[in-house]
Amino acid sequence: MVSGSFSRSTSARLAARGGVGSPRVSTPGAAHRNWWAAAPSGPSIERIALAFLLASLALVLSCALYLYFFRHPGRDRVVAEFAGESLESCDVFDGIWVPDERYPLYNSSRCPFAERGFNCLANGRKDTEFLKWRWKPRGCNLPRFSARAVLEWLRGKRVVFVGDSMSRTQWESFICMLMTGVDDPKTVYEVNGNQISKTIRFLGVRFESFNLSVEFFRSVFLVQQIPALRHGRRRVRAILKLDKLDDLSQKWADSDVLIFNSGHWWTASKLFDMGCYFEAGGVLKLGTSINAAFKMALETWASWVKERVDLRRTRVFFRTYEPSHWRLA
Ligand SMILES: *[C@@H]1O[C@H](CO)[C@@H](O)[C@H](O)[C@H]1NC(C)=O
Ligand SMILES: *[C@@H]1O[C@H](CO)[C@@H](O)[C@H](O)[C@H]1NC(C)=O
């Protein structure tokens, strides 16, 4: 079953969750746009899905870092700071993908943290245009990502990604983007010497020269999933507690940038077909729909953020659906 404990400075104990893969189906869903929500979404073009992942990472992180850097200002001022354009005209979450010859920002074959399965060129793909997309907010231009500048801003900080494989691949991309600004790649390592795997629950990469940690926690639903008791109903093999955040959440709050995602696992094939049903208030909710359950889980998450995260220190981002890694996604 699932267990994990992690101490920031030294050791970690990990156990992988067995028998689960990354989502192969992508469910179109509403973009939940609330005070905490920003779901950048690009056009669903299967052939450039990976490019979107990389480019949307650049977007999310540029935003994260700028927001972080300027601490508390409202979004408008942050945008104005780097765009020098009118406050009203620029919303960085509202834009389009444009081709840009100056991309990509890194070469996957030169990054030890890029997952082999997502390195299209190394896997034989010949065209490269899919790597050359940039996010363009309607009202302004984002500055080009500068690994060195970002590493300096993040010196002494902890950046945490939480979610499913969408978060994992963005975590990988962010690390690879930062690696281009590191002089000695040997000073960057996974704290437990682990290889990146899709079932591992914790991966932490340390940039030694910058005293920076960039971590990933696998929590596909964000709320707690437990095996069902044996005397329960036979078809119920696992329970998702909609009113309780994942136990791993104890490791999340103490961070400087906290980037969540969830969405792609909220499907019947990942839940009901696997014998996983919902529970709230200690009561099994066999009739609850997946949409209603997702909403409750997000409310649980949002109250956890309000109660447990020091928003004066930590910048919090949440993403829902995006093009996934598979063909026809
Ligand atoms: C990426 O790096 C590999 C290994 O160094 C190299 O063979 C390849 O040509 C590079 N690809 C691009 C597009 O620069
Ligand atoms: C590294 O950063 C932590 C905060 O994350 C800080 O407490 C510690 O003093 C820093 N260490 C060094 C050597 O700068």
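## Sheet

Two strands count as paired if DSSP finds at least two bridges between them. In this predicted model, four strands form an open sheet of mixed pairing, in the order 9-10-12-13. Strand 9 (223-227) and strand 13 (283-285) are the edge strands, and each pairs on one side only. Neighbouring strands are turned by 40° against each other on average, direction ignored.

Strand 10 (residues 238-245) and strand 12 (residues 276-280) run parallel, joined by four bridges. Lys241 has Glu279 of strand 12 as its bridge partner. Helix 5 (residues 290-308) packs on the sheet. Helix 5 touches strand 9, strand 10 and strand 12, and its direction makes about 40° with that of strand 10.

## Helix 5

Helix 5 has 19 residues. From first C-alpha to last it reaches 26 Å, close to the 27 Å expected at 1.5 Å a residue.

Which residues of helix 5 are buried? They are Ala293, Phe294, Ala297, Leu298, Thr300, Trp301 and Val305. These residues lie on the same side of helix 5 because they cover an arc of only 155° around the axis. Their cover includes strand 9, strand 10, strand 12 and strand 14 (315-319). The face turned away from the buried side carries the exposed residues Asn291, Glu299, Ser303, Lys306 and Glu307.

## Nonpolar core

The largest nonpolar core has 57 residues. Ile175, Cys176 and Ala297 have the most contacts inside it. Helix 4 (residues 165-179) gives the most to this core, with seven residues.

Ile175 is in contact with Phe113, Val205 and Val214, leaving aside its neighbours within four places in sequence. Ala297 is also one of the buried residues of helix 5.

Methods. Residues are numbered from 1 along each chain as its sequence is written. Chains are lettered from A and ligands numbered from 1 in the order in which they are written. This is a predicted model: local features need pLDDT of at least 70, side-chain atom pairs count only at pLDDT 80 or more; totals for chains, interfaces and linings use all residues. Helices (H or I, at least four residues) and strands (E, at least two) are DSSP runs, numbered from the N terminus. Axes are lines fitted to C-alpha atoms, for helices over the stretch in contact, and angles run from 0 to 180 degrees between N-to-C directions. Two residues are in contact if their C-beta atoms, placed from the backbone, lie within 7 Å. A nonpolar core is a set of buried Ala, Val, Leu, Ile, Met, Phe, Trp, Tyr and Cys residues joined through C-beta atoms within 7 Å. A residue is buried if 20 or more other C-beta atoms lie within 10 Å of its own, exposed if 12 or fewer, and partly exposed in between; C-beta atoms are placed from the backbone. The expected span of a helix is 1.5 Å times one less than its number of residues. The arc is that of the directions from the helix axis to the C-beta atoms.
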